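Let's read a structure together, one feature at a time. Keep the viewer open as we go.

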Amino acid sequence: MLKIDIITIFPQLFTNITDFGVIKEGKAKKLCEVNVYNLRDFTIDKHKKVDDRPYGGGTGMVMAVQPIDDAVNFIKSKNKTVNKEFQKVILLSPQGETLKQKKLKFLSTMENIIIICGRYEGVDERVRLLVSDLEISIGDYILTGGEIPAMVIIDGVIRLLEGVVGKEQSIIHESFENNLLDFPQYTRPEIYKGIRVPEVLISGNHKEIEKWRKEKSLESTREKRPDLIDKNY
Ligand SMILES: C[S@@+](CC[C@H](N)C(=O)[O-])C[C@H]1O[C@@H](n2cnc3c(N)ncnc32)[C@H](O)[C@@H]1O
């Protein structure tokens, strides 16, 4: 059972995503649990503030370390039975390591993932230094908060848990497996606006189909993502 704990100032944003698709499936099969914590519940500030002005000046606000540290410690104390080796605290940040399928696979082997969603100008550097184990970015662009990146991680990790995705959605032949993109897929009708489904796919010859798919997979990778071929994703 993978426990995912999210720390955010907008818990309501997660209300719907846990009730659909793979996340709902994973929860129903008791393969995962998703808990959302409101950061404001952990601040010692009497006005429930979780942010403050940056030292040194500048625009915007910075999320304070105290509420985040206390929230993480509270979650850890609730998850006492988790093996520490299989518990990771993730800080979402555009400055982190860019998320790849390999990292999702690693995270899917954990027992507990605690995700910190930043907002405003980001979080006090001491969160990275003292509280988190991993700093993850979902790409080289800036979003307003860590909630959407957290959803990306949750979705990507839960679908990798054994038993969540059915055979019909096999994850074995997917893009990024063996550093290759997936082969082209077709479904009915056989001809659409003059484009016919490749003959081999309706031949019933499984050996030939397998060969065609391997070739196309390599061809797609060379054409669209040649960088993958040399990389260890
Ligand atoms: C507006 S961003 C802060 C950006 C920060 N000032 C910087 O330039 O590095 C606010 C929060 O959104 C989240 N965020 C924004 N873009 C992200 C990305 N590409 N990947 C992961 N988290 C991101 C992070 O949690 C971040 O703390």
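**Starting from a buried glutamate**

A: Glu147 counts as buried, because its relative accessibility is 1%; the cut-offs are under 20% relative accessible area for buried, over 50% for exposed, and partly exposed in between (1.4 Å probe, protein chains only). A word on the source: this is a predicted model, where local features need pLDDT of at least 70, side-chain atom pairs count only at pLDDT 80 or more, and totals for chains, interfaces and linings use all residues. Residues are numbered from 1 along each chain as its sequence is written, and side-chain values use heavy atoms, with hydrogens and water left out.

Q: Which side chain makes a polar contact with the side chain of Glu147?

A: A polar contact is a pair of N or O atoms within 3.5 Å; within protein, one must be able to donate a hydrogen and the other to accept it, and residues adjacent in sequence count only if both atoms are side-chain atoms. Here the partner is the side chain of Thr8, at 2.6 Å. Contact in general means heavy atoms within 4.5 Å. Leaving aside neighbours within four places in sequence, Glu147 is in contact with residues including Ile9, Phe10, Cys117 and Arg119.

Q: Where is Glu147 found?

A: Helices (H or I, at least four residues) and strands (E, at least two) are DSSP runs, numbered from the N terminus. Glu147 is in helix α5, residues 147–158. In total the protein comes to seven helices and nine strands.

Q: What is the order of the strands in the open sheet?

A: Start with pairing: two strands pair if DSSP finds at least two bridges between them. The five strands run β2-β1-β6-β5-β7, with parallel pairing. At the edges sit β2 (32–38) and β7 (134–137), each pairing on one side only. Inside the sheet, five bridges join β5 (residues 87–98) to β6 (residues 112–116); in β6, Ile114 is the bridge partner of Val89.

Q: Which strands does helix α2 touch?

A: For directions, axes are lines fitted to C-alpha atoms, for helices over the stretch in contact, and angles run from 0 to 180 degrees between N-to-C directions. Helix α2 (residues 65–78) packs on the sheet, touching β1 (2–8), β2, β5 and β6, and its direction makes about 165° with that of β6.

Q: Which residues come nearest to the ligand?

A: A residue is near a molecule or strand if one of its heavy atoms lies within 4 Å of it. Of the 20 residues around the ligand, the nearest are Leu92, Gln95, Gly118, Glu121 and Tyr141. A backbone N or O atom of Leu92 is 2.7 Å from a ligand oxygen, while one of Glu121 is 3.0 Å from a ligand nitrogen. A polar backbone atom of Ile138 also lies 3.0 Å from a nitrogen atom of the ligand. Accessible areas come from the Shrake-Rupley method with a 1.4 Å probe, and for residues only the protein chains shown count as cover. On its own the ligand has 580 Å² of accessible area, and the protein covers 85% of that.

Q: What about the backbone: which peptide bond is cis?

A: The cis bond joins Arg188 and Pro189, with omega about 5°. Pro189 sits in the loop between α5 and β8 (191–192).

Q: Is Lys30 buried or exposed?

A: Lys30 counts as exposed, at 63% relative accessibility. Its phi is positive, about 55°, although Lys30 is not a glycine. Tyr120 is another non-glycine residue with a positive phi, near 55°; Tyr120 is partly exposed, at 37%.
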